[in-house]
Amino acid sequence: MKKYAYFPGCSLEKMASSYHKSALETTEVFDIELQELDDWNCCGATTYFHVDAILAHTLVARNLAMAEKEGLDLVAPCSACYKNAYFTNDYIKNDPDLKEHINFALEEDDLQFNAEIEVFHLIDIFANDVGPDLIKEKVNNPLKGLIIAPYYGCQIVRPRKNGEEVENPQFFEDIISAMGAEPAYFPERLRCCGGSLIMTNRVAALNMVRILLQSAEKNGAHVIATACPLCQVNLECYQEQVNEEFGTDFKLPILYFTQLLGLALGISPKKLGIGIELVSATPVFSKLLPKEAN
Amino acid sequence: MALKPSFSDEISNLLYAAHGNPINACIQCGTCSGTCPVANYMDQTPRRLIGMINADLKEDVLDCNTYWFCASCYHCTVRCPADIDIAGVMYAVKRYSIWNKTYSEDLVGPKFSEAFVKTIVRTGRSYEPILAPTYMFHFGPKDFFHEAVTASKMMLKGRIPVLPPRIKRLENFKNMIRKIIPLGESS
């Protein structure tokens, strides 16, 4: 069994509770334990960095230090949490002054951080640790007939972490194929959903969501798979506002990749948190070919 | 006489931990503006903003909405042929405008950021219902209504917490923050 320190982040407590549930259900199938950090704090999303960079890194470092204390690498399911944790870890590794400054503050919580751990996004675990071949082996309910748009969004791939492919990644498509579904051609898959602009610049963000929905629908997707709670909420919960604003008629289900993977692994929809959507996920089930046709 | 740093130097100095090249490496090619998904809504495109910073047009830079409309998608950063962390530049100007209170009054971004940080400093976790008033009262009646409908629907599905979450070791957490910046609180 492989074990990771798990940093769910604020969104997964309620708004994205279905991501939390399905992450735990699906990792269990592959004998991976996600041990939630005790008493983790908010990573600050993008907003700490608007106010003070050192404060932002300190707050992120508190979570990293707790993972290090357990001797575990850190996994974050939210793209913004992941990006913050990854870069704070990276900067502290390479900057002794920053490390000293931050450890001076961490003392107050009896913690210290030596940047001796690695940080991963949840989708990294499925793409690399588990890998498409093992996923295929464990799939007992292949999602035949379903066309899934792989929505990477921004911060999983950007900024560039380790010189990896940022313009044409394929790992999401590979995971979808391993589920037995068909990855949709989705040219906007790396385009931003607007992020927190949904609160601070509503019309611009709604238009960004519209472009994504339009591209997925035009290319025949039955559902968009996401790997980030903010992307999911923008695409799903604001879909009706997009329809109001632009006179469109989108009814496109938006699910976490772990929910779709869970279905392929034969886990019940209820255990995967399916049923709390504002845009019904029913079309996903009606597109699936009956089992005997597989 | 002490040398006063230029505006472009000040912004460069705020680019802490941005590992790209300094902004004066910009060749004004416009790849950032062509890539930016929000450029159509900005007063100035990212390319122009960088040109304006390099030309020390401080007031014009701070007056425009460009940097507060950046969604942090980092597409410009990964494509910049001069290897400038452009999203990092936007963060630097945001910080400058918050510290100096020089942002334009009708922007929601800075108020939202400050409210967000205050919530976290107080409880250790973010909580949407406390944040909502910072931006919702800025909306017109129609948008306010739509936002309220979306929020109620999410609440009915159990997707918005009723009570604000807080971390257990909150006192330690606050003391840790005090070692970095003064909290400006009396309680």
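My entries follow, topic by topic.

**Ground rules.** I am working with a predicted model, where local features need pLDDT of at least 70, side-chain atom pairs count only at pLDDT 80 or more, and totals for chains, interfaces and linings use all residues. Residues are numbered from 1 along each chain as its sequence is written, while chains are lettered from A and ligands numbered from 1 in the order in which they are written.

**Entry 1: a sheet in chain A.** I looked up the strand order. In chain A, 4 strands form an open sheet, ordered β2-β1-β3-β4, with parallel pairing. Helices (H or I, at least four residues) and strands (E, at least two) are DSSP runs, numbered from the N terminus. Two strands pair if DSSP finds at least two bridges between them. Why is one side of β2 and of β4 of chain A left without a neighbour in the sheet? Both β2 (32-36) and β4 (119-121) stand at the edges, so each has a single partner strand. From one strand to the next, the twist averages 40 degrees. I then checked β1 (residues 2-6) and β3 (residues 74-76) of chain A, which pair in the parallel sense over 2 bridges. Tyr6(A) has Val75(A) in β3(A) as its bridge partner.

**Entry 2: a helix on that sheet.** Helix α6 (residues 122-130) of chain A packs on the sheet and touches β1, β2, β3 and β4 of chain A. Its direction makes about 90 degrees with that of β4(A). Axes are lines fitted to C-alpha atoms, for helices over the stretch in contact, and angles run from 0 to 180 degrees between N-to-C directions. Contact between two residues needs their C-beta atoms, placed from the backbone, to lie within 7 Å. I noted buried residues in α6(A), among them Leu122(A), Ile125(A) and Phe126(A). A residue is buried with 20 or more other C-beta atoms within 10 Å of its own, exposed with 12 or fewer, and partly exposed in between. Gly131(A) follows α6(A), and its phi is positive, near 85 degrees.

**Entry 3: strand β7 of chain A.** I looked at both faces of β7 (residues 223-226) of chain A. Val223(A) and Ala225(A) are buried on one side, Ile224(A) and Thr226(A) on the other. In a regular strand, side chains alternate between the two faces of the sheet. β5 (residues 147-150) of chain A pairs with β7(A) in the parallel sense over 3 bridges. β7(A) also pairs with β8 (residues 254-256) of chain A, in the parallel sense over 3 bridges. Ile224(A) stands opposite Ala149(A) and opposite Ile254(A) in β8(A).

**Entry 4: where the chains meet.** How many residues of chain A are in contact with chain B? I found 48, against 51 residues of chain B. On the chain A side, α3(A) gives the most, with 5 residues.

**Entry 5: one residue of chain B.** I picked Thr150(B), which sits in helix α9 (residues 141-156) of chain B. Is Thr150(B) buried, exposed or partly exposed? It counts as partly exposed because it has 18 C-beta neighbours inside 10 Å. Leaving aside neighbours within four places in sequence, Thr150(B) is in contact with Cys237(A), Tyr238(A) and Gln241(A). Thr150(B) and Thr45(B) are 105 residues apart in sequence and 32 Å apart in space, C-alpha to C-alpha.
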